[in-house]
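Hi,

Here is the structure I promised to pass on. Have a look at it first, and my notes follow below.

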Amino acid sequence: MKQILPLILITCAAPAIAQETRQMHAHEHGVGELNIAFDGPQIAIELHAPGADIVGFEYAAETADDRAAIDAAVATLARPLDLFVLPAAAECAVTQASAGLESEAHDDHDEAGHDDHDDHEHDAEHADEHAEEHHEDEAGHTEFHAEYLLTCANPGAITGIEFAYFDTFQNARELEVQMLTPAGAKGFEVERDAPTLDLRGMF
Amino acid sequence: MILRLAFGSLLARALTVGMTVLAIALSVALFLGVEKVRTGAKSSFADTISGTDLIVGARSGSVQLLLYSVFRIGNATNNVTWESYRDIAAQPQVDWIVPISLGDSHRQFRVMGTTPAFFERYKYRQDRALEVATGAVMADLFDTVIGADVAATLGYAVGDPIVVAHGLASFTQHDDQPFRVSGILAKTGTPVDRTVIVSMEAIEAIHVDWQSGAKIPGRTTPVDAIRQMDLTPQAITAALVGVKSPLQVFALQRAINDYPEEPLLAILPGVALQELWQIVGIAETALTGVSAMVVVTALIGMMATIFSSLNERRREMAIFRAMGARPGTILGLLVLEAVLMAAIGALIGLCLLYIGLAIAQPVVDRAFGLWLPIDAPSLREFWVLLGVVCAGAIVSLVPALRAYRLSLADGMMVKS
């Protein structure tokens, strides 16, 4: 029996070893992702934006100011119609809104490999932290995630979207938009210089 | 009054004017025709696949995944394991999922393994389903359905045997397990036309006696024995996924892209098609440029005719002046004539376009799978026509100004 015990332990541990996967998302400061899906009167919106775009830093909040900045950002992100302005005629209302800050380091995965991050301009700053095998939150990039569900009384009146987002968040340069309409999927790049999206003919 | 004069003057020179008008008409028809083909090609391209919410494959680039899964160009970097496929199929958002398996070929055409659901789920040109022109969808393990181009190029009919080659450019044939053509699909204008479709199990079946890419010599499993085997695939190349509600597409896409067990990629076909078009679409700009140059050439031709007509009409102009016409009237007359020529040319060009479209539409659809819609002139076409007329007026100003300056003196001093 005593000889079997280590064997059992190894067998139990095996899945844990096998499950070690390393992956990191692409993370480019200034560029956020916005997904919009239209389904009848409902619109689902997902926003993923780097912490640098929203609050200007990506370390874990240290001071009261940092925490206040994050809280304010989350509160702003919870009001989607102020960020992505739809025509008033569409009569859209927010059904659900959730926003939060997510750190890559919060993932369950082993984060030792940071290879696919070399292209990052800020890497030098973080180099010392990267050296650690298991770094804490402050080494990872942070992303703000927000999900919204809107209901519009008159979705046909949606002729475009005004991105007040860029006025609110000065560090944001670009949003990569994937849009799903009854006419099919479309991709757009909305930039600070031209913060509007023309949706005429999409419905 | 001046309009009647202009008309009369044009009629008097019917032949030269006719040629000029014809040149303008042809150039306008060409320009509008190129525009039609360009937009038709663009929408045909965007309509290559519709009704599919996500395409799932090994993690690579979205354009690459689209190229090999839909256009059968290039190869997958990796396969997707059957376990991952089962996992994705079990996701609550998934309405339907169709696996595809690529890698073998028949002559110059790719062989694709899939499930019968492919025929009802694959849609093109806004919800048009695949149609079997002759025969039926495969019922037997060794049945195959071939695309219209495959049948036309290789001269196959329903019931013909087909031997599938291992790999894409290989001399090794799966000749121990020949297939039978059970159906031929109607022309779609999509890459399906150039595809030999077999069942998922058949892909496994033809590889039963193969190990590490080579045939095991002297070993042939009888076909009957293969039929008894468990032919669940080990891996697939990609999968087409339909999602229950559009609102869930992005959540599923994210779940697949974050799938920890295997690096997978889920793309929205429409977005990837658009990315691909941005690469291919440079040619369309060139095409538009060339046809615009043809219109410019025709207008310059008109300017040349007006110039040369000035010589013939020196005396006419002088008489107009002598009868009290102001130089401005002469200028107006010449510009009006040019505008009339350009307008008639543009209208005839538009007619030519529609006649051409009516004749070419079915032919082009059959030959290239390119659908050119015949509909009322768009606002854009209207602007093009108006642009041609305005350009005609501007171009005619050059000879008209010359006539304006010279009409009296020139005409009165004719010596010959």
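Before the details, a word on strands: helices (H or I, at least four residues) and strands (E, at least two) are DSSP runs, numbered from the N terminus, and two strands pair if DSSP finds at least two bridges between them. This is a predicted model, in which local features need pLDDT of at least 70 and side-chain atom pairs count only at pLDDT 80 or more, while totals for chains, interfaces and linings use all residues. Residues are numbered from 1 along each chain as its sequence is written, and chains are lettered from A and ligands numbered from 1 in the order in which they are written.

Chain B overall. Chain B has 14 helices and 16 strands. Its radius of gyration (taken over C-alpha atoms) is 32 Å, well over the 22 Å that the globule rule gives for 416 residues, so chain B is more spread out than a compact globule. That rule is 2.2 Å times the number of residues to the power 0.38. Along its principal axes, the C-alpha trace of chain B spans about 105 × 45 × 30 Å. Of the 416 residues in chain B, 39% are buried (20 or more other C-beta atoms within 10 Å of the residue's own, with C-beta atoms placed from the backbone).

Strand β1(B) covers residues 54-58, and five of its five residues are buried. It runs antiparallel to strand β15 (residues 238-243) of chain B, joined by four bridges, with B:I55 opposite B:L240. Strand β16 (residues 264-267) of chain B also pairs with β1(B) in the antiparallel sense, over four bridges, and there B:G57 stands opposite B:L265. Helix α3 (residues 62-69) of chain B has six of its eight residues buried, so it is largely enclosed by the rest of the structure. The buried ones are B:S62, B:Q64, B:L65, B:L66, B:Y68 and B:S69; they pack against β1, β3 (94-106), β15, β16 and α10 of chain B.

The cores. A nonpolar core here is a set of buried Ala, Val, Leu, Ile, Met, Phe, Trp, Tyr and Cys residues joined through C-beta atoms within 7 Å. The largest has 105 residues, and those with the most contacts inside it are A:I45, B:L54, B:V56, B:A238, B:A239 and B:I267. Apart from it lies another core, of 38 residues, among them B:A338 and B:V395.

Where the chains meet. Two residues are in contact if their C-beta atoms, placed from the backbone, lie within 7 Å. By that test, 13 residues of chain B are in contact with 15 residues of chain A. On the chain B side, α9 (249-257) and α10 (269-280) each supply at least two residues, and α10(B) gives the most, with five.

The sheet in chain A. Which strands make up the open sheet of chain A, and in what order? There are six, in the order β4-β5-β2-β1-β7-β8, with mixed pairing. The edge strands are β4 (92-103) and β8 (184-191) of chain A, each pairing on one side only. Strand β7 (residues 174-181) of chain A pairs with β8(A) in the antiparallel sense over eight bridges, and A:E174 stands opposite A:E191 in β8(A). Helix α10(B) packs on this sheet, touching β7 and β8 of chain A, and its direction makes about 60° with that of β8(A). For that angle, axes are lines fitted to C-alpha atoms, for helices over the stretch in contact, and angles run from 0 to 180 degrees between N-to-C directions.

Cheers

Notes. A residue is buried if 20 or more other C-beta atoms lie within 10 Å of its own, exposed if 12 or fewer, and partly exposed in between; C-beta atoms are placed from the backbone.
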